[in-house]
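Open the model in your viewer and keep the selection panel at hand.

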Amino acid sequence: MRIDFVSDVSCPWCAIGLKSLEQALQRLPDLQVELHFQPFELNPQMPAEGEEINAHLARKYGASPAQLEQTREAIRARGAELGFTFTKGARDRIYNTFDAHRLLHWAGLQAAGQQQQLKLALLTAYFTEGKNPGSHPVLLEAAVSVGLDGAAAAEVLASGAYADEVRDAESYWHSRGISSVPAVIINEQHLVSGGQPPEVFEQALRQMIAASTLTPKA
């Protein structure tokens with residue numbers, strides 16, 4: 001079964017969606033899955049230095065400080081339920097994530113599972129540790145932490161490699177009607193939108209299994 005996980009590393013609901021999907025897959029241990037992380041930039045025009053997060057969110061969504069804090073509390077609670085920590089006060093800026101997507105594309109060409117590990121490492125760097133996911137040192141630290149070749153990762157970042165591939169992938173998913181993330185596409189047929197609970201992902205996966213020739217062993 002193929003799963004395309006369209007997301008951004010600066011999206012808190014994407015972290016929630018990923019942890020929920022992981023838990024759903026744990027409930028189907030015999031299901032063979034190819035998980036591909038696809039790029040989506042929430043803020044493609046964001047400068048490298050980023051923008052103060054409260055000002056950015058107020059401008060983008062028209063949210064008041066009270067509304068922003070209410071949303072953050074809900075996100076922290078959902079994360080805690082899933083074993084992911086959104087550290088209160090850790091993030092004060094939102095950043096450009098294009099280089100993160102280039103590195104993730106490269107990671108997807110390496111050993112199986114390393115793209116997923118890097119994705120989680122980058123989400124943790126930003127939401128748990130408050131680091132800049134557009135910073136090359138942060139990206140390299142994350143890459144090395146999941147066993148990727150640091151020298152090769154540095155070459156990818158310095159060279160601008162995979163920029164065209166990332167832009168092409170972003171254009172493709174936009175053309176498919178994806179305008180918000182996370183967007184989880186199962187077998188290129190079934191879309192699950194948003195940071196849903198594990199039960200929603202599990203139900204969708206079971207429905208796809210039932211509708212196909214894929215049958216879990218247990």
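Which residues lie nearest the centre of the second largest pocket? Select Pro12, Trp13, Leu57, Tyr61 and Ile75, which lie nearest the centre among the 20 residues of its lining. A pocket here is an open set of points on a 1 Å grid over the protein atoms alone, where a 1.4 Å probe fits, with protein on both sides within 12 Å along at least five of seven lines; lining residues have an atom within 4 Å of a point.

The model is predicted: local features need pLDDT of at least 70 and side-chain atom pairs count only at pLDDT 80 or more, while totals for chains, interfaces and linings use all residues. Residues are numbered from 1 along each chain as its sequence is written, and side-chain values use heavy atoms, with hydrogens and water left out.

**The pockets**

Stay with the second largest pocket, whose volume is about 400 Å³; a volume is the space filled by probe spheres set on the points, which are joined across faces, edges and corners. Colour α1, α2 (53–61) and α3 (65–82), the elements that give two or more residues to the lining of this pocket. Helices (H or I, at least four residues) and strands (E, at least two) are DSSP runs, numbered from the N terminus. The lining of the second largest pocket has 12 nonpolar, five polar and three charged residues. In this count Ala, Val, Leu, Ile, Met, Phe, Trp, Tyr, Cys and Pro are nonpolar, Asp, Glu, Lys and Arg are charged, and the others, Gly among them, are polar.

Next, go to the largest pocket, with a volume of about 530 Å³. Of its 26 lining residues, pick Glu34, Leu35, His36, Phe37 and Gln115, the closest to its centre. Two or more lining residues come from each of β1 (2–7), α1 (12–26), β2 (34–39), α4 (98–107) and α5 (114–127). β2 gives the most, six residues. By class, the lining of the largest pocket has 11 nonpolar, 11 polar and four charged residues.

**The sheet**

Now show the strands. Four of them form an open, mixed sheet in the order β2-β1-β5-β6; two strands pair if DSSP finds at least two bridges between them. The edge strands are β2 and β6 (190–193), each pairing on one side only.

Select β5 (residues 183–186). β5 pairs with β1 in the antiparallel sense over four bridges, with Ile3 bridged to Ile186 and Val6 opposite Ala183. Toward β6, β5 also runs antiparallel, joined by four bridges, and here Ile186 stands opposite His190. Ala183 and Ile185 on one face of β5, and Val184 and Ile186 on the other, are all buried (under 20% relative accessible area; exposed is over 50%, partly exposed in between, with a 1.4 Å probe and protein chains only).

**The loops**

Follow β5 into its hairpin with β6, which has three residues between the strands. Asn187 in this turn has a positive phi of about 50° and is partly exposed, at 22% relative accessibility.

Go back to the loop between α8 (163–175) and β5, the place of Pro182. The peptide bond from Val181 to Pro182 is cis, with omega near 5°.

Finish at Tyr162, in the loop between α7 (150–159) and α8. Tyr162 is not a glycine, yet its phi is positive, about 70°. Its relative accessible area is 23%, which makes Tyr162 partly exposed.
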